[in-house]
Amino acid sequence: LKPPAPPPNRNCFPPVVMTASRSDSLVVLFGATAGAYGAKLGSDERELILLVWQVVDLPGKKVGTLHKSLVKADNLELSDQCREVSGLTPEGLGKAEPLDRVLQQFIQLVSSDLKVLGRSSYTLCSDGQLLIRQVLHPETSKKNFLLSDCFYSFYDLRKEFHTCYPSSAAVKDQTIKTMAEYLGLGTDETEEDFGVWQVKTMVAIIFSMLSESCNHIFTEPETVKYKYETGPCSKSETVDNETVIRARGLPWQSSDQDIARFFKGLNIAKGGVALCLNAQGRRNGEALVRFVNSEQRDLALERHKHHMGSRYIEVKSTSNEVAQFLSKENQVIIRMRGLPFTATQEDVLGFLGPECPVTGGKEGLLFVKYPDGRPTGDAFVLFSCEEYAQNALKKHKEILGKRYIELFRSTAAEVQQVLNRYMSTPLIPTLPAPIIPVIPPPYTIATGSIRDCVRLRGLPYTAGIDDILEFMGDATADIKPHGVHMVLNQQGRPSGDAFIQMKSADKAFMVAQKCHKKMMKDRYVEVFQCSGEEMNFVLMGGTLNRSGLSPPPCKLPCLSPPAYAAFQTAAVIPAEAALYQPQALLPAARTPQASAAAPPTVTYYPAQAAQLYMNYTAYYPSPPVSPTTVGYIAAPPGAVAAAATATHTPILPQPGALVRMQGLPYNTGMKEILSFFQGYQYAPDDYNGLIQLSDQARSVLQAPKEWVCL
């Protein structure tokens with residue numbers, strides 16, 4: 001094909017001064033899969049079946065040999081569109097080479113053509129992004145072989161063409177045919193084999209761009225990241241909502257590296273994978289992924305229902321409405337419950353009245369809806385100050401339409417929890433800090449003999465905080481702040497028990513009388529009045545029954561060291577939770593009298609009690625990740641001294657995330673441990689982060705041979 005001069009009515013701009021080209025040759029590359037073609041290439045996970053390429057010498061404006069290679073796919077079934085467009089058959093593909101061998105031949109033939117042309121370097125050039133990002137990288141990743149470095153940098157001919165001819169169609173609307181028609185290239189697609197016409201036409205387009213009238217220079221190639229870069233995001237970095245997607249249906253054991261591999265070929269922002277946890281601190285099979293730009297995000301959305309192993313993954317965009325609602329800082333949030341399903345924003349604003357103006361008017365209202373758009377009767381409202389919020393709370397149980405409306409103080413964490421409950425998906429990666437802390441650290445459970453608490457026994461295992469609040473009805477107004485404690489068993493699952501701290505003993509008595517044996521879902525729930533001391537014993541692993549209190553195993557005299565009773569204890573997190581961010585899971589448990597000069601604390605387990613006996617507790621309102629009020633048992637001074645005097649045994653520092661590994665094979669080495677934690681971040685000095693415990697230090701931690709990761 002001989003490219004004609006650009007038509008006189010086209011806008012061909014004078015050459016722009018640019019830096020020297022990075023490569024002296026282009027390899028024009030075209031490919032097809034056994035499924036969708038064109039704008040949907042790669043969206044159906046079908047395998048590559050065709051590659052066609054040709055080397056272009058940019059300075060000499062010459063070309064090498066045109067090569068066409070069929071690829072044998074694992075599944076030779078072809079879609080109707082593929083059969084019609086390509087003319088290929090399963091019989092013909094069955095005789096071809098597999099993808100790994102075709103790519104080896106590609107590298108060899110390109111090198112040979114470069115020698116003939118007298119060139120040494122090259123960069124790929126494809127029609128758009130899909131072949132490289134959505135086909136080659138995902139498929140080779142699934143088949144577990146590496147792509148050559150040349151596939152991590154390429155020119156997008158559509159972008160280059162639009163740069164050279166700004167008056168042409170938008171990049172997303174460009175095709176090889178439309179670019180050829182814009183330049184007036186008289187070519188007949190039916191005269192050539194499928195793939196051959198596309199490459200020849202792309203080469204003709206490139207020569208037109210290199211002509212003296214345009215003098216286009218290829219300088220800024222697209223890049224594909226070699227690997228996902230972990231690490232924290234900068235606090236000053238602004239997150240664009242148009243770059244975030246939500247992945248749902250992930251295997252529970254998936255790591256951030258597994259998710260990055262699922263999106264292989266697309267550029268994820270540094271630290272851009274956030275695994276979502278449920279209220280118990282366990283992974284819920286969902287993740288939020290942030291890409292470097294909206295273009296990459298749009299490509300990621302095309303991988304909806306692609307597979308990770310045997311499971312398909314849902315990939316959807318996040319909710320901008322929720323992010324905008326919670327992005328307003330220093331606001332007081334009020335939750336409204338029981339709204340008529342026909343209630344509008346105007347109805348809610350009219351109900352609240354001028355004495356409690358809503359921040360931003362309609363923008364300060366967030367209606368909670370089911371996934372199909374039906375209203376749930378709940379809404380959240382923003383107020384700019386405490387006074388307006390108090391005025392709104394005075395309208396508790398006033399009538400709107402024919403229904404009375406309940407109003408409660410809420411938090412940003414509860415907004416996320418309620419939306420998760422109805423939408424079954426996390427909506428935003430991070431939550432702005434509320435005007436009142438969700439849970440003030442350090443949080444201590446009240447003790448004493450005053451019977452101002454109630455115990456709920458026999459809860460359905462699926463019951464959550466909202467179910468308990470609904471079960472208690474009007475009495476929820478008499479609950480102390482952060483006074484609902486869901487008791488979890490040693491496996492981190494709901495035990496069927498919960499404790500609630502009321503504002504007074506009288507309120508606790510009234511709740512016990514009113515709610516005892518009241519039905520929740522399909523079960524009746526027993527409600528008993530108890531004291532803070534009794535509640536503490538149960539939360540620490542003891543039992544409370546008709547015969548009185550049975551102390552937890554760690555409180556038994558035969559198991560406790562002499563000085564143990566003098567030290568305050570806190571709830572212990574499940575072992576699985578220790579794998580997550582330290583700032584969210586292991587806050588420093590310090591008393592107000594603690595000073596900077598105090599000796600460091602080491603993790604301590606009472607003698608002969610290597611197993612953790614404490615019940616785990618989920619607090620209300622709990623954030624969308626693990627509760628932040630958990631800690632660990634502080635070691636007695638004697639234990640600290642013993643550890644400090646141990647030969648060559650470092651004291652474990654207070655800050656940071658500690659993972660205790662128990663039951664390791666005795667021949668385990670550092671390499672095996674680092675491999676076990678592949679995909680997670682550990683201390684900067686890999687091997688220094690692993691501390692093998694001496695016999696003397698092990699007597700403090702009371703465990704068999706183990707390692708501690710800093």
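User: Which residues does Val454 touch, not counting residues up to four places away in sequence?
Analyst: This is a predicted model, in which local features need pLDDT of at least 70 and side-chain atom pairs count only at pLDDT 80 or more, while totals for chains, interfaces and linings use all residues. Residues are numbered from 1 along each chain as its sequence is written, and side-chain values use heavy atoms, with hydrogens and water left out. Contact means heavy atoms within 4.5 Å. With those neighbours in sequence set aside, Val454 touches Ala498, Phe499, Ile500, Ala508, Val511, Val527, Phe528, Gln529 and Cys530.

User: Is Val454 buried or exposed?
Analyst: Val454 lies in strand 19, residues 453-457, where strands (E, at least two residues) and helices (H or I, at least four) are DSSP runs numbered from the N terminus. A residue is called buried under 20% relative accessible area, exposed over 50%, and partly exposed in between, using a 1.4 Å probe and protein chains only. Because the relative accessible area of Val454 is 0%, this residue is buried.

User: How far apart in space are the C-alpha atoms of Val454 and Val527?
Analyst: Along the sequence, Val454 and Val527 are 73 residues apart. Val527 is also one of the residues that Val454 touches. From C-alpha to C-alpha, the separation of Val454 and Val527 in space is 6.5 Å.

User: Which residues is Pro340 in contact with, leaving aside its neighbours within four places in sequence?
Analyst: Pro340 lies in the loop between strand 14 (332-337) and helix 11 (345-352), and it counts as buried because its relative accessibility is 17%. Its C-alpha atom is separated by 7.1 Å from that of Gly401, although Pro340 and Gly401 are 61 residues apart along the chain. Once the sequence neighbours are left aside, Pro340 is in contact with Leu400, Arg403 and Ile405.

User: What is the angle between the planes of Phe161 and Tyr182?
Analyst: Phe161 in helix 5 (residues 157-164) and Tyr182 in helix 6 (residues 176-183) are 21 residues apart, so to speak linking distant parts of the chain. Both residues, Phe161 and Tyr182, are buried. Their pair is edge-to-face, with 5.8 Å from centre to centre and an angle between the planes of 85°.

User: Over which ring does the charged end of Lys518 sit?
Analyst: A charge sits over a ring if NZ of Lys or CZ of Arg is within 6 Å of the ring centre and within 35 degrees of the ring normal. At 5.3 Å from the ring centre, the charged end of Lys518 sits over the ring of Phe471.

User: What percentage of the residues in the protein is buried?
Analyst: The secondary structure of the protein comes to 20 helices and 29 strands. Among its 710 residues, the buried ones make up 50%.

Key:
Phe/Tyr/Trp six-rings, centres within 6.5 Å; stacked < 30°, edge-to-face > 60°.
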